Amino acid sequence: MNTFRSLMAFAFLVMAPVVKSEETGEPVYLSFIRQSRPVAHYRLNDSTSEAMRNLYAGAEGDGTPARLVHGDDPVARVPSMSPHEFVGTNRINGFDFDNTGLRFSHSLSRINSAVIVSGVGLPDFAEPHADELSLSVWVKAAPEQVDRAGLVSRKSGDLLDSYQVALSVWGGCYDIVMNDGDGSFRSFYTSSRPNGAWQHLVVVFDSKGWFEESAGMLRFYVNGERVFTGRTGNHTRAQLAPSRENLIIGGIAYQQRDEDGFNNGFNGIIDELTLWDRALSDEDVRELYASAIIGRRPMVIIIGSSSAVRPAATPY
């Protein structure tokens with residue numbers, strides 16, 4: 001019986017579909033990202049500088065690679081989202097079987113590893129008449145996290161704890177931190193938590209949303225659904241704090257400068273980080289998530305080495 005079950009499980013995995021873009025032949029999630037015109041996408045499928053290069057850099061950064069700063073606990077290259085994995089009951093079909101990500105660990109010594117992305121290759125999302133930013137990342141994180149466990153952050157100004165944007169964990173829940181244009185510190189505690197399973201997280205800052213009663217300025221999404229909406233400040237159009245600082249992944253320099261080390265590390269796998277200089281809509285986020293689960297662009301399904309077939313549209 002156990003042998004039969006093992007064979008059935010193996011057959012099920014072999015038959016699991018890998019969804020590919022019909023136009024490019026690449027995994028449909030990456031094709032969707034390409035068509036969405038991000039300012040940066042970091043696959044994070046290895047810890048070498050070349051593997052962490054911004055795939056969609058403009059003239060500013062010219063593909064400037066990121067670099068890994070080593071702490072006491074090493075960063076590991078591990079299997080990531082693939083058709084072997086699920087979000088809830090949904091199989092993650094939008095990636096290759098051999099997709100990998102980076103696993104970070106918070107060190108008890110508080111000397112943590114982190115990926116540093118040069119700020120030279122990124123726009124200042126607070127430039128005049130901009131104040132829009134969207135950030136998408138996939139994580140598989142342990143529920144146990146140190147307070148202010150740094151997932152993705154970018155400092156602003158000379159203050160020790162001032163950010164253009166930071167996505168971290170506080171009190172076991174995801175927390176979005178920012179300093180607005182007048183220097184005021186804002187922290188948005190959500191009720192969503194790392195749960196040991198794959199989660200697709202999206203943070204959106206939208207200054208235009210200030211005028212929409214249902215939208216607010218900050219929106220947070222988990223697995224395609226908006227789970228938090230917040231406003232910042234008490235003025236009519238909140239602004240992000242200006243920054244040309246580096247982007248930090250997997251750790252954070254909490255109440256100290258980045259050059260002094262990353263004392264609060266993240267426990268979990270981080271993969272496929274994307275940045276846009278515009279505010280994604282609710283529908284954009286749903287489509288982005290769906291492209292990883294089932295695909296929502298023209299596509300073919302490849303099953304083993306069999307010929308391709310075009311699937312019917314499937315709700316997620």
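## Tour from Ser-243 to the cores

Select Ser-243 and its surroundings: neighbours within four places in sequence aside, Ser-243 is in contact with Asp-124, Arg-154, Lys-155, Ser-156 and Gln-164 (contact means heavy atoms within 4.5 Å). This is a predicted model, in which local features need pLDDT of at least 70 and side-chain atom pairs count only at pLDDT 80 or more, while totals for chains, interfaces and linings use all residues. Residues are numbered from 1 along each chain as its sequence is written, and side-chain values use heavy atoms, with hydrogens and water left out.

Stay on Ser-243, which lies in the loop between strand E16 (225–230) and strand E17 (247–249). Helices (H or I, at least four residues) and strands (E, at least two) are DSSP runs, numbered from the N terminus. Is Ser-243 buried or exposed? Ser-243 counts as buried, at 5% relative accessibility; the cut-offs for relative accessible area are under 20% for buried, over 50% for exposed and in between for partly exposed (1.4 Å probe, protein chains only). Now show the polar contacts, which are pairs of N or O atoms within 3.5 Å; within protein, one must be able to donate a hydrogen and the other to accept it, and residues adjacent in sequence count only if both atoms are side-chain atoms. The Ser-243 side chain reaches the backbone oxygen of Lys-155 at 2.6 Å and the backbone nitrogen of Glu-245 at 3.1 Å.

Zoom out to the whole protein chain. It has three helices and 21 strands, and 53% of its 316 residues count as buried. Of the contacts between residues at least 6 apart in sequence, 67% join residues at least 24 apart.

Next, colour the open sheet of seven strands, in the order E3-E8-E17-E10-E11-E12-E13, with antiparallel pairing (two strands pair if DSSP finds at least two bridges between them). Strand E3 (67–69) and strand E13 (185–189) stand at the edges with a single partner strand each, so one side of each has no neighbour in the sheet. Val-69 stands opposite Ala-114 in E8.

Move to Thr-100, found in strand E7 (residues 100–104). Thr-100 is buried, with a relative accessible area of 11%, and E7 is mostly covered, with four of its five residues buried. A polar atom of the Thr-100 side chain lies 2.6 Å from the backbone oxygen of Asn-45. Not counting residues up to four places away in sequence, Thr-100 touches Leu-44, Asn-45, Arg-77, Val-78, Pro-79, Ser-80 and Asp-271.

Show the strands that pair with E7. Strand E4 (residues 76–79) and E7 pair in the antiparallel sense over four bridges; Leu-102 in E7 is the bridge partner of Arg-77. E7 and strand E20 (residues 268–276) run antiparallel, joined by three bridges, and Ile-269 in E20 is the bridge partner of Arg-103.

Finish with the nonpolar cores, each a set of buried Ala, Val, Leu, Ile, Met, Phe, Trp, Tyr and Cys residues joined through side-chain atoms within 4.5 Å. The largest has 45 residues, and those with the most contacts inside it are Leu-151, Leu-167 and Phe-205. Strand E9 (residues 132–141) supplies the largest share of this core, five residues. Select Phe-205: beyond four places in sequence, its contacts include Leu-133, Val-165, Ile-176, Met-178 and Leu-240. A second, separate core of 25 residues includes Phe-32, Ile-33, Val-204 and Tyr-221.
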